[in-house]
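I opened my notebook to look up a few things in this structure. Here is what I wrote down, one entry at a time.

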Amino acid sequence: MTTVERRSVAAGRESAPPRPLWHTVLVRPETMTLVLLVVAVFAASALSPYFLDLSYILRSFTLSAEFAIVALVLTMIIIAGEIDLSPAANMALSACLFAYAQAAGVPMPLAILIGLGAGVLMGVLNGLMVIGLQLPSIIVTIGTMIFYRGVAQVIAGDKSIRVPDWFIGINNVFIVGVPVPVVVFIVLSIVLGLVLGVTVFGRQIYQIGTNEIAARHAGIRSRRIKMILFILIGFVSAAAGLMTASRLGSVRYDLGLGGELQMVLMAMLGGTYIFGGRGTILGTFLAAWLLVIVSTGMTVANLLPATQLTVLGILLIVSIIATNAIYSRAQR
Amino acid sequence: MLRKTLLGLAAGVAMTTAGFASAAMAQDALKMVFIGKNTGNPYFDSLTNGFVEGCKALGCEFEFVAPATAEATSQIPFIEAQIQRGVDVIAISPNSPDALNQVFDDARSKGILVLTVNGDITGNESHRDATILPTNFDNVGKDQVEMVGSLIGYEGEIAILSATTEAPDQNKWIEGMKATLASDAKYAKMKLVATVYGDDQPEKSTTEMEALLSNYPDLKGVIAPTTVGIAAAAQVVQSRGIAEQVKVTGLGLPSEMRDFVKDGTVTAFQLWSPYNEGWLAAHFAKGVKEGTIKNEVGSTFEVPDLGTITINPGNSINTQAALTTFNAGNIDDFNF
């Protein structure tokens, strides 16, 4: 990204040779994610003869697609130097409000709007505390994560709320053989990838994450951009919550429990830098597939959950070490 | 280039897959899987053992799998994987009464026999083929209230230490306990002061038990209708040395409770034989798949060691008529 310009400026003083083009293109965290993904596909195929079946892989992806969709927006938030740990709780609360409303007799379109609107409001609340009150986003969103989940439990209690039959089964609707949640994920990846990669808005997000004060001096309205991102993740989380409700056919307060970790994991595995300023949508896109392939491959091979957790842990540690090494190399 | 290699390899693996599939066809052994609530739950070791022995006797292939946590949707990827593996029978102890409906339907549409074992999807029975329950679950709550009543002289405060808030079988029993306490004059002097949830984790169950004791100093009895809960509760009572003041009972494994019964921490508790559930489920599944057993309400079949079994309304099958009570007198007769 910015390394090339920086290097050309520095070249005069320190006269370090510029990095060759292939180096800039290939030595980056996404490459590592891609390599891991390919390795995972081969390993999973070797582990179980039942694994390599595209329709099965796509079906398995729908189980994580909701988290993957939110992880795309989360990637942008992390690049901007913030974090949001509340999306999974947001999914649960939006879905509970939606389900509660339609069970109480509110017409479906309105109930869906209530769910989505609630998600936006939750994003606004996070944004106001992080930007308006200047509080650290990690603390704020751990707080709202617990708070949103709590409200969901107050609304739904310990019972599950049914959704109407026609609303059930978005994962069984296919567009050219691909389940709708996967299509949504792919389309959103392309859109957000373009926004982040080629628009001014996208470059401003990187600049905020690299050095917010410098970005502000350069006239970038960082508060406004961050607020937009928090609202966006609120909205997308709510939509993901409704998709989960459709897939499961019922809503409980524990919908998507623990999902925030999976989302952060996807962003980290994709090479997003936890301190901001670096990362790509492509990386998160690949990492989502990597996670699904790895866990699906091990599940269909009937490996013990303990083994699965160990492998996932190793994967994350390896990727963080590699990401860090690649970034520090690029900075040198 | 890379892409070509990938495609080639993919094709190779696909062919291997086909090879495996046809090999399995030729062999024609019934493939059965049991999906537990979570791993590391000793109760299910005994149940799984029943499956293992049953499948050995019947000549079926058997696998046990379970997610790491007993959370509502954690079993879904495992069911998907078993569908993909092409198993003939999925037996499962469901973690949720309704979150699994859709994936059960998928499995059944592919001709897989879906049995819930040791717990049912109450209210969603149409999404599974049959359920195998250890005993008539309608009576468990009542029997447990009688058990704790007899221990505390039918008077005083009692509490319930359950598994997760959503565990369908535990919730059904708790309902039964509440109904019995409210309706039967015999228990009028007993007061249920709290229901807490240890999530079937030893640490959380211990914490919840400690909290019960500090919040309700007059507590006389605790019912823990879960093997993890009763062991944790007994441990707390044992280490505090308050077995005289607080009576712990519930559903427990004889192997885990033996020491507590021997040293007087626990007077008596109840359960059934989880082993028999697995044993019966394996025989039932094999019979239904081969057409020798009709999965219809009212029909009967023979299971070695268990005798004649009847399919009750709701395609529900019980392995025994009433709960077994374990105490110092008989606990050495049981080894699960």
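**Where the chains meet.** I found 28 residues of chain B in contact with 29 residues of chain A; contact means that the C-beta atoms, placed from the backbone, lie within 7 Å. On the chain B side, α1 (2-27), β2 (61-65), α3 (76-85) and α4 (101-109) each give two or more residues. Helices (H or I, at least four residues) and strands (E, at least two) are DSSP runs numbered from the N terminus. I noted that α3(B) has the largest share, seven residues. By class, this side of chain B holds 14 nonpolar, eight polar and six charged residues. Here Ala, Val, Leu, Ile, Met, Phe, Trp, Tyr, Cys and Pro count as nonpolar, Asp, Glu, Lys and Arg as charged, and the others, Gly among them, as polar.

**A note on the model.** This is a predicted model, where local features need pLDDT of at least 70 and side-chain atom pairs pLDDT 80 or more, while totals for chains, interfaces and linings use all residues. Residues are numbered from 1 along each chain as its sequence is written, with chains lettered from A in the order in which they are written.

**Domains of chain B.** The assignment, automatic or from a database, gives domain 1 (2-133 + 274-319) and domain 2 (137-271). Their centres, taken over C-alpha atoms, are 32 Å apart. Domain 1 of chain B brings 13 residues to the contact and domain 2 of chain B brings 10.

**A positive phi.** I looked up B:Asp200, whose phi is near 55 degrees. B:Asp200 sits in the loop between β7 (190-197) and α7 (202-215) of chain B.

Notes: Two residues are in contact if their C-beta atoms, placed from the backbone, lie within 7 Å.
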